[in-house]
Amino acid sequence: MSGADRQPPHVPAPEGSFQRLIEDIYFARDHARGVPGTLLWFVEEVGELVRAIRRGERHNLEEEFGDVYAWLATLASLHGIDLEAIGRRKYGAGCPRCHGAPCRCPHPAG
Ligand SMILES: [Zn+2]
């Protein structure tokens, strides 16, 4: 069985979600590029976000958070993952370990 055979058919992200907005704009192009090329874009944007945070540049910060969010959404779409749904499934009932909100797990700060 090849990798393509294991690729699930694309199910669009829910209407009205940010992920769906990005899919509507870019999914055809992102799908044609594929995961390896898209991963490079994602990592590049994460690097730019890190630089913006370290430099404390407000304008760039907003720009780079937007880019990283969009590329993360794209990567999720390419894997058939509904980002909002999996985030809610994991954290919707509070901390996955102690179920608290806020988390009450004993752990060192930082
Ligand atoms: Zn916890």
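These legends describe close-up views of a predicted model.

**View 1. Helix 2 crosses helix 3.** Helix 2 covers residues 18–55, and helix 3 covers residues 58–78. Their axes come within 6 Å. They cross at roughly 135°. An angle over 145 would count as roughly antiparallel, and 65 to 115 as roughly perpendicular. Helix 2 and helix 3 are therefore oblique to each other. Their crossing is left-handed. The contact between helix 2 and helix 3 holds 21 nonpolar residues, along with six polar and six charged ones.

**View 2. Helix 3 from end to end.** How far apart are the end C-alpha atoms of helix 3? They are 30 Å apart. Helix 3 has 21 residues, so at 1.5 Å a residue it should span 30 Å. The two values agree. After helix 3 comes G80. The phi of G80 is positive, near 70°.

**View 3. The buried residues of helix 3.** Which residues of helix 3 are buried? They are E64, V68, W71, A73, T74, A76 and S77. These buried residues pack against helix 2 and also against helix 4, which spans 83–91.

**View 4. L49 on helix 2.** L49 lies in helix 2. Being buried takes 20 or more, and being exposed takes 12 or fewer. Beyond residues up to four places away in sequence, L49 touches E64, F65 and V68. P14 is 35 residues from L49 along the chain. The C-alpha atoms of L49 and P14 are separated by 27 Å.

**View 5. F18 and A73.** F18 belongs to helix 2. Its count of other C-beta atoms within 10 Å is 15, so F18 is partly exposed. How many residues apart along the chain are F18 and A73? The answer is 55. Their C-alpha atoms are separated by 7.8 Å.

**View 6. H99 in the segment after helix 4.** H99 sits in the segment that follows helix 4. H99 is not a glycine, yet its phi is positive, about 65°. Is H99 buried or exposed? With 10 other C-beta atoms within 10 Å, H99 is exposed.

**View 7. A cis peptide bond at P102.** P102 is also placed in the segment after helix 4. The peptide bond from A101 to P102 is cis. Its omega is near 10°.

Methods: Residues numbered from 1 in each chain as written. Predicted model: local features only at pLDDT ≥ 70, side-chain atom pairs only at ≥ 80, totals over all residues. Axes fitted to C-alpha atoms, helices over the stretch in contact; angles between N-to-C directions. Helix = DSSP H or I, 4+ residues; strand = E, 2+ residues; numbered from the N terminus. Parallel < 35°, antiparallel > 145°, perpendicular 65-115°, else oblique. Left-handed = near helix turned anticlockwise from the far one by under 90°. Nonpolar A, V, L, I, M, F, W, Y, C, P; charged D, E, K, R; others polar. Expected span 1.5 Å × (residues − 1). Contact = placed C-beta atoms within 7 Å.
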